[in-house]
Amino acid sequence: MAGDPQPTVTSIIGRSLAVEGEIRGEECLHVDGRVKGTLKLEGDLVVGPSGVVEAEIDVRDIFILGTVTGRVTAHRRFEVQPSGRFEGEAAAGAYEIHPGAVFEGISRMLSSRKSPGEASAKQPQPSPSGMPQKT
Amino acid sequence: MGLFSSKKKGADYPGRESRAGAETSLIGARLSVQGKISGSGSLIVMGSLEGEIDLSGELVVSPPAKLRGEIRARRIAVAGTVEGQVSAQEKIHLEKSAVFSGELKAGRISVAEGAVLNGSVAMNRESDPQEG
């Protein structure tokens, strides 16, 4: 629901912990340790200053204060704090990269707005503005 | 956004864990992990996990947690559901809400009345029996 900006439950991966594999869930996660693999959350991901995440990430918001490498989809917001470092491919609804932060890679906007006609038409063909296609 | 103080405390983390500041990690009820969790410090699991836990600290499995796999820790307290091989250097305690099936191995083992325990139990005598 739109009224709840942040789910109340936050899982924590502490500094001395490492997770390798797949993490999925409907809550927020704070990583101060290491995560390698896949991360898919309905909530937010905070990577603390000591956190190192190397993963395929799909979250609502991401706040990077540590190091993140990989492909990130942030449906709402992608934020890198001054201490943060990101390397990889990002797709997000909005970006905030603070001065001092490192962002190396590719960024793409997730547009939430679709024209009503397109949305209902199920896109039988790639949009004309897309990549040139040869068949 | 005032979410965090801008202090860069711990930003240059050298990778050496200070035993004094062993913190607690939490896998919440609506989180599921498939894979391996390893490290020191304490861990509370309320969500689900399939795979492996290798912890030099303490593990608490709290309802509605569901764990399946191979679990090692210094001390383990189970109040949720666990299936697999579980071993503790020091001790394992099954609370009355615990549902366990598999192999249990520890220096000391306690089981509360009401706990479900299906499987094998072994006490490893070689582990140091000193109080933890």
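The model is predicted, so local features need pLDDT of at least 70 and side-chain atom pairs count only at pLDDT 80 or more, while totals for chains, interfaces and linings use all residues. Residues are numbered from 1 along each chain as its sequence is written, chains are lettered from A and ligands numbered from 1 in the order in which they are written, and side-chain values use heavy atoms, with hydrogens and water left out.

**The interface as a whole**

- Chain A brings 29 residues to the contact and chain B brings 30 residues, where contact means heavy atoms within 4.5 Å.
- The two chains bury about 2400 Å² between them, with 55% of it on carbon and sulfur atoms; buried area is the accessible area (1.4 Å probe) that two parts lose on being put together, summed over both.
- On the chain A side, the residues that lose the most area to chain B are A:Arg15, A:Ser16 and A:Leu17, together 24% of what that side buries.

- Strand 1 (10-13), strand 2 (17-25), strand 3 (28-31) and strand 7 (67-80) of chain A each supply at least two residues of the side that touches chain B. Strands (E, at least two residues) and helices (H or I, at least four) are DSSP runs, numbered from the N terminus.
- Strand 2 of chain A gives the most to that side, with nine residues.

**A closer look at A:Ser16**

- A:Ser16 sits in the loop between strand 1 and strand 2 of chain A.
- A:Ser16 is buried, with a relative accessible area of 7%; buried means under 20% relative accessible area, exposed over 50%, and partly exposed in between (1.4 Å probe, protein chains only).
- The side chain of A:Ser16 makes a polar contact with the side chain of B:Glu23 at 3.1 Å, and the A:Ser16 side chain also reaches the backbone oxygen of B:Ser40 at 2.9 Å.

**Strand pairing**

- Strand 2 of chain A runs antiparallel to strand 2 (residues 31-39) of chain B, and nine bridges join them; two strands pair if DSSP finds at least two bridges between them.
- Across this pairing, A:Ile23 stands opposite B:Val33.
- Within chain A, strand 1 and strand 3 run parallel and are joined by four bridges, with A:His30 as the bridge partner of A:Ile12.
- Strand 3 of chain A also runs parallel to strand 5 (residues 45-47) of chain A, through three bridges, and here A:His30 stands opposite A:Val46.

**Chain B on its own**

- Chain B has zero helices and nine strands, and 31% of its 132 residues count as buried.
- Most peptide bonds are trans.
- The bond from B:Pro63 to B:Pro64 is cis, with omega near 5 degrees.
- B:Pro64 lies in the loop between strand 5 (58-61) and strand 6 (66-78) of chain B.

Conventions
A polar contact is a pair of N or O atoms within 3.5 Å; within protein, one must be able to donate a hydrogen and the other to accept it, and residues adjacent in sequence count only if both atoms are side-chain atoms.
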